[in-house]
Amino acid sequence: MSVIKKFRITKIKNAKPFISLKKISLSFKKNHLILDNINLDIAKGQVIGLLGPNGAGKSSLINIITGQIKPNFGKILINGQDISSHPIYNRTKKFKISLVPQTGGFFSDLNTEDNLNAIGEILIKDKKKRKFRIENLISKFELDAVRKVEAKFLSGGMKRRLVISMSLLGEPELLLMDEPLAALDPQTIQMLQTIIVKLQTEFNLTIIITDHQARDLLTVCDKAIILSNSKIVAEGTPNQLIQNENATKYYFGDNFKFK
Ligand SMILES: Nc1ncnc2c1ncn2[C@@H]1O[C@H](COP(=O)(O)OP(=O)(O)OP(=O)(O)O)[C@@H](O)[C@H]1O
Ligand SMILES: [Mg+2]
């Protein structure tokens with residue numbers, strides 16, 4: 001995995017940003033800034049980790065990109081185009097942004113197959129193409145055995161696999177994953193890590209991923225940032241980050257070991 005990462009980092013280094021966050025600020029209450037002047041450039045095909053303590057604003061930042069939250073200030077550019085005024089459906093269909101939310105993301109009373117159909121019918125007009133893509137995702141995410149099981153009865157890991165497969169139906173170019181590795185067993189985490197790296201290498205997907213499983217997250221990232229006290233306090237490759245004093249001070253603590 002690290003060989004793939006090294007190769008890709010050199011390729012990505014000088015690329016123009018695919019997504020840029022420019023001076024993003026957010027406050028829900030007066031005088032209480034959640035995000036303060038956040039600037040970030042991400043190249044096409046990069047996997048970016050978003051770390052930070054509970055309440056640091058990770059989900060808020062992700063929801064600003066999807067359009068669910070409107071920032072008080074700042075812009076989001078995709079390939080240089082300002083998408084800030086575009087509604088959620090446009091960000092999904094035209095700009096190919098997809099979300100794996102921190103919780104939920106599926107219809108509890110529908111079975112696995114019907115969950116995929118429900119979103120597939122919106123995003124893929126051609127029936128044959130839709131069926132092909134759904135079957136492909138069912139196979140890739142090993143969901144065949146539970147295709148007729150209602151989502152509410154699936155295990156935590158299966159629910160996560162279902163939501164990730166649903167997020168890929170529209171062939172996104174930017175995938176936002178909010179804590180996809182939380183509360184999963186080691187083998188499921190490994191399976192998802194492999195899938196994330198495959199999405200990057202095979203489809204050149206740009207991925208922003210948040211999680212508190214810092215070690216598991218850094219394994220799949222080209223670069224990560226740490227949000228704390230409403231600012232980016234540290235930024236760099238996983239190896240740079242673990243040596244960064246701010247990263248230790250604001251997030252990892254003194255006893256963190258990467259490997
Ligand atoms: N709609 C809202 N109205 C008011 N405050 C909100 C709203 N959404 C989020 N907040 C507050 O904004 C802050 C950032 O929340 P956010 O969910 O983005 O943090 P997070 O970094 O994702 O945390 P976690 O690691 O626990 O998921 C928190 O203090 C939260 O209470
Ligand atoms: Mg969150």
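This is a predicted model: local features need pLDDT of at least 70, side-chain atom pairs count only at pLDDT 80 or more; totals for chains, interfaces and linings use all residues.
Around ligand 1 stand Phe-28, Ile-34, Gly-52, Asn-54, Gly-55, Ala-56, Gly-57, Lys-58, Ser-59, Ser-60 and Gln-102. By class, this shell holds three nonpolar residues, seven polar residues and one charged residue. The element that gives the most to the shell is helix 2, which covers residues 58-66 and supplies three residues.

Helix 4 covers residues 112-123 and helix 5 covers residues 127-140. The two pack at an angle of about 140°, and their axes are 10 Å apart. Because of that angle, helix 4 is oblique to helix 5; an angle has to be over 145 degrees to count as roughly antiparallel. The crossing of helix 4 past helix 5 is right-handed. On the side of helix 4 the contact is made by Leu-116, Asn-117 and Gly-120, and on the side of helix 5 by Arg-130, Arg-133, Ile-134 and Leu-137. Sorted by class, the residues of this contact are three nonpolar, two polar and two charged.

Helix 4 also packs on helix 6. The axes of helix 4 and helix 6 come within 10 Å and cross at roughly 25°. Helix 4 is therefore roughly parallel to helix 6, since angles under 35 degrees are counted that way. Here too helix 4 makes a right-handed crossing. Helix 4 brings Thr-112, Asn-115, Leu-116 and Ile-119 to this contact, while helix 6 brings Leu-162, Ser-165 and Met-166. The contact of helix 4 with helix 6 has four nonpolar and three polar residues, and no charged ones.

Phe-107 counts as partly exposed because it has 15 C-beta neighbours inside 10 Å. Residues up to four places away in sequence set aside, Phe-107 touches Asn-115, Ala-118 and Ala-151. Phe-107 and Lys-29 are 78 residues apart along the chain, and their C-alpha atoms are separated by 32 Å.

Helix 5 holds Lys-129. With 11 other C-beta atoms within 10 Å, Lys-129 is exposed. From its C-alpha atom to that of Phe-203, 74 residues apart along the chain, the separation is 18 Å.

Most residues other than glycine have a negative phi. Glu-142, however, has a phi near 50°, a positive value in a residue that is not glycine. Glu-142 lies in the loop between helix 5 and helix 6, the latter covering 156-167. Is Glu-142 buried or exposed? Glu-142 counts as exposed, because 12 C-beta neighbours lie inside 10 Å and the class takes in residues with 12 or fewer. The other case is Ala-183, whose phi is near 55° and so is also positive in a residue other than glycine. Ala-183 is found in the loop between strand 7 (174-178) and helix 7 (186-203). Ala-183 is exposed, having 10 other C-beta atoms within 10 Å.

Two further residues show how separation along the chain can go with separation in space. Lys-75 is in strand 4, residues 73-78. Lys-75 and Ser-25 are 50 residues apart in sequence, and their C-alpha atoms are 9.5 Å apart in space. With 14 other C-beta atoms within 10 Å, Lys-75 is partly exposed. Not counting residues up to four places away in sequence, Lys-75 touches Lys-22, Asp-82 and Ser-84.

Asn-246 belongs to helix 10, which covers residues 245-252. Between Asn-246 and Gly-157 there are 89 residues of separation in sequence and 33 Å in space, taken C-alpha to C-alpha. Asn-246 counts as partly exposed, with 16 C-beta neighbours inside 10 Å. Apart from neighbours within four places in sequence, Asn-246 is in contact with Val-233 and Ala-234.

Note on methods: Residues are numbered from 1 along each chain as its sequence is written. Chains are lettered from A and ligands numbered from 1 in the order in which they are written. Axes are lines fitted to C-alpha atoms, for helices over the stretch in contact, and angles run from 0 to 180 degrees between N-to-C directions. Helices (H or I, at least four residues) and strands (E, at least two) are DSSP runs, numbered from the N terminus. Angles under 35 degrees count as roughly parallel, over 145 as roughly antiparallel, 65 to 115 as roughly perpendicular and the rest as oblique. A crossing is left-handed if the near helix is turned anticlockwise from the far one by less than a right angle, and right-handed if clockwise. Two residues are in contact if their C-beta atoms, placed from the backbone, lie within 7 Å. Ala, Val, Leu, Ile, Met, Phe, Trp, Tyr, Cys and Pro count as nonpolar, Asp, Glu, Lys and Arg as charged, and the others, Gly among them, as polar. A residue is near a molecule or strand if its C-beta atom, placed from the backbone, lies within 6 Å of it. A residue is buried if 20 or more other C-beta atoms lie within 10 Å of its own, exposed if 12 or fewer, and partly exposed in between; C-beta atoms are placed from the backbone.
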